[in-house]
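Reader: I have a model to look at and some questions about it. Can we go through them one by one?

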Amino acid sequence: MEANKTIVRNVKIEDRLYDLTLDLTTGCVAEIEASGKTMPSAADFARVWDADGLLYLPALSDMHIHLDKHFLGEPWKPLQPFVTLPGQLEFETRMLEALPTRAAERAHRLLQLLLMNGTTAIRTHVDIDPKLGLSHLEDILEVREHFRGRMAIEIVAFPQQGLLRSQSISIMKEALRAGADYVGGVDPAGLDGQVDASLEAMFELGTEFNAGVDLHLHDPGHLGTYTISRFADLTLEASQSGRTAVSHAYCLGQVSEAESRELAQKLSASQVAIMTSVPIDRPMPRVDQLLQEGVRVHVGSDNILDAWSPFGNGDLLARGSRLAEKFGWITDEQLLQTYPLISSDSLVPKVGDRASFSLVNALNARHAIAAVPPREAVFSGGMLVGGRWHVSVRQDQIVLA
């Protein structure tokens, strides 16, 4: 008996049906065969599933999210209109301090939601400052261990109150020693008030701890583009190409197309990625232009029911669909170019690939990004972790390996 293997039969990959054998020991795809060639007995495997023609989609990667700051599962919290960034930060601090739950418990809730929607890898920004200390980070590190094998979690030590403004360099070093993977930062001009000093401090931390840098940048217009240009310069100077990112970067949608293209070329040359949550209430980077210039672009959920916004549902496929619709991507080629922005995996699996994917009721991948069908099943490392099948199995009280 192949107790360490699961078979998912009749999975639609492109236009044909295949049987996938998933190795639960390695977490990888062990075999891919055309459906009908073999008829495995349920007794021979840990589990045999019949997808009955459901479409294979790669697992999703949410590259900008905050596990520690949402209110999912908490009583409804009335929000206030955004006026100033310092004022909003004070408001958020008061709301988080009033919550009766730990960040670990809230993170657990959000991770379960992400798994149900097909996301199996994330980059989360975790608040760090001298007053808060490492409490949120310690909780998220604990949760990361709990979800190991199901959810891959990168952690950014995030000085939400401003790296220099809150005098957080010392506590950031503690966070990086404790297990954070990336150096975070926010608005070197608008919050820290010292563009070059703030950026240089981030990259000094990155060099000292051999960590990448991921900057929250809301600063507008030419102030923002100057910041991005300096960020790209410092990326090259620090030999950090391919390990840095600018999140949000609204300014790239606020300057002329000629100016943003010139900066896109610089981002491409320095291998700085752009992370966007696809906002609909403000300008955003010209994603099509960035892709044309060879810039890596990734999508994230960002806020999900927190002190900044009551919106968000943790469905990255829906967020990718919103991006395609926003930019008028309607041809097959355009729809398909959305997937690398929301997933690091291929639409066509190979033997040896991580067995992490979703099954959906869709005609093809183009249809799936346009229609955003529910996830019928979500597998991570060969284990069923989300989707309607998972809900049904849990209700039947069947424990999976």
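Author: Some terms first. Helices (H or I, at least four residues) and strands (E, at least two) are DSSP runs, numbered from the N terminus. Two strands pair if DSSP finds at least two bridges between them. This is a predicted model, where local features need pLDDT of at least 70, side-chain atom pairs count only at pLDDT 80 or more, and totals for chains, interfaces and linings use all residues. Residues are numbered from 1 along each chain as its sequence is written, and side-chain values use heavy atoms, with hydrogens and water left out.

Reader: In β11, which residue is the bridge partner of Asp-214?
Author: Strand β10 (residues 212–217) runs parallel to β11 (residues 244–248), and 5 bridges join them. Another 5 bridges join β9 (residues 182–186) to β10, also parallel. There, Gly-184 has Asp-214 as its partner in β10. In β11, the partner of Asp-214 is Ala-245.

Reader: How many residues of β10 are buried?
Author: Buried means under 20% relative accessible area, exposed over 50%, partly exposed in between (1.4 Å probe, protein chains only). In a regular strand, side chains alternate between the two faces of the sheet. In β10 both faces are covered: Gly-212, Asp-214 and His-216 are buried on one side, and Val-213, Leu-215 and Leu-217 on the other. The count for β10 is 6 of 6.

Reader: Is Gly-381 buried or exposed?
Author: Gly-381 is found in the loop between β15 (375–380) and β16 (383–386). Leaving out residues up to four places away in sequence, Gly-381 touches Asp-23, Leu-24, Gly-27, Gly-149, Arg-354, Ala-355 and Ser-356. Gly-27 is 354 residues away in sequence, yet the C-alpha atoms are 3.9 Å apart. With a relative accessible area of 4%, Gly-381 is buried.

Reader: Which element gives the largest share of the lining of the largest pocket?
Author: On a 1 Å grid over the protein atoms alone, a cavity is a set of points where a 1.4 Å probe fits but cannot get out, and a pocket is an open set with protein on both sides within 12 Å along at least five of seven lines; lining residues have an atom within 4 Å of a point. The largest pocket has a volume of about 990 Å³. Of its 36 lining residues, the closest to its centre are Tyr-250, Asp-281, Arg-282, Asp-302 and Asn-303. The largest share, 3 residues, comes from α9.

Reader: Which element gives the most to the lining of the second largest pocket?
Author: The second largest pocket has a volume of about 310 Å³. Its lining has 16 residues, with Thr-93, Glu-97, Asp-129, Leu-132 and Gln-161 nearest its centre. The most, 7 residues, comes from α1.

Conventions:
Contact means heavy atoms within 4.5 Å. Grid points are joined across faces, edges and corners, and a volume is the space filled by probe spheres set on the points.
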